[in-house]
Every structure is written in structure tokens, then in C-alpha cells.
Amino acid sequence: MGSSPQYQGVLEVRTPVHDDLIDHLVRSTPLQRGEAARVVLDVLAYFDETTEEYVRRRHRELQSGGLANPDIFARISAELPHRAVAPPGLSLRQLRRIVYG
């Protein structure tokens with residue numbers, strides 16, 4: 001769990017708050033402590049992505065699903081405001097520049 005690069009940022013800032021959340025998940029779900037810790041780390045790593053990392057990842061995912069770029073960029077543009085910490089509004093051109101430079 002701790003050796004995966006996706007967890008590096010969240011492991012460096014691990015606080016007792018995470019332990020409280022893990023305890024809550026153990027009490028409120030059928031998860032064991034190790035499983036609950038993994039879920040917490042997965043969620044924190046997911047939301048630790050920068051806007052650029054998120055745009056690139058979603059572009060790859062949607063492209064591999066067969067969508068064309070105009071549909072991909074429209075969908076990413078619609079998804080961004082719903083992230084845990086919404087980034088500033090980005091135009092379709094700005095999204096393309098993140099992916100293609």
C-alpha cells in the first residue's frame with residue numbers, strides 16, 4: 001500500500017484525522033481496519049491530483065473508451081466544477097493545451 005507512487009502525497013501528510021476516519025469506517029461498514037485504511041488512502045490520492053493530472057487522466061480514459069476529442073473536452077469541462085476543490089474555469093482551448101502542450 002505505502003510503496004505505490006499514488007499514495008506518496010497522502011502518506012506524507014497522514015494525521016490523526018485519518019485515523020478517526022478509518023475508525024469511523026470500521027464502525028459503520030463491514031470493512032476491516034486495513035481495508036478501511038486503503039479506501040481512505042485511495043480517496044485522498046484521487047482528490048490529491050492536480051487539475052492538469054486530472055485532465056490528462058480523464059482524457060486518456062475517455063479516449064480509450066472511444067470518445068472523440070470534442071466530446072471528451074466537453075465532458076471534462078462539465079466534470080471539473082464538481083471536483084472536491086473545484087479548479088478555476090478552463091476553456092476548451094486550455095484543456096487541449098494541458099493535454100497536448
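**Exercise 1. Find how the axes of H4 and H6 cross, and classify the angle.**

Step 1. This is a predicted model: local features need pLDDT of at least 70, side-chain atom pairs count only at pLDDT 80 or more, and totals for chains, interfaces and linings use all residues. Residues are numbered from 1 along each chain as its sequence is written, and side-chain values use heavy atoms, with hydrogens and water left out.

Step 2. Locate the helices (DSSP runs of H or I, at least four residues; strands are E, at least two; numbered from the N terminus). The chain has 6 helices and 0 strands.

Step 3. Take the axes (lines fitted to C-alpha atoms, for helices over the stretch in contact; angles run from 0 to 180 degrees between N-to-C directions). The axes of H4 and H6 come within 9 Å and cross at roughly 85°.

Step 4. Classify (under 35 degrees roughly parallel, over 145 roughly antiparallel, 65 to 115 roughly perpendicular, the rest oblique). H4 is therefore roughly perpendicular to H6.

Step 5. List the contacts (heavy atoms within 4.5 Å). Glu52, Val55, Arg56, His59 and Gln63 of H4 meet Leu95, Ile98, Val99 and Tyr100 of H6.

**Exercise 2. Decide which residues of H5 are buried, and what covers them.**

Step 1. Apply the cut-offs (buried under 20% relative accessible area, exposed over 50%, partly exposed in between; 1.4 Å probe, protein chains only). In H5, residues 69–79, the buried ones are Ile72, Phe73, Ile76 and Glu79.

Step 2. Check their directions (the arc is that of the directions from the helix axis to the C-beta atoms). They span an arc of only 125° around the axis, so they sit on the same side of H5.

Step 3. Their cover includes helix H4 (51–64) and helix H6 (92–100).

**Exercise 3. Find the aromatic pair and classify it.**

Step 1. Search for rings of Phe, Tyr and Trp (its six-membered ring) with centres within 6.5 Å; planes under 30 degrees apart are stacked, over 60 edge-to-face, the rest tilted. The whole structure gives 1 pair.

Step 2. The ring centres of Tyr46 and Phe47 are 4.9 Å apart and their planes stand at 85°, so the pair is edge-to-face.

Step 3. Tyr46 is partly exposed, at 36% relative accessible area. Phe47 is also partly exposed, at 43%.
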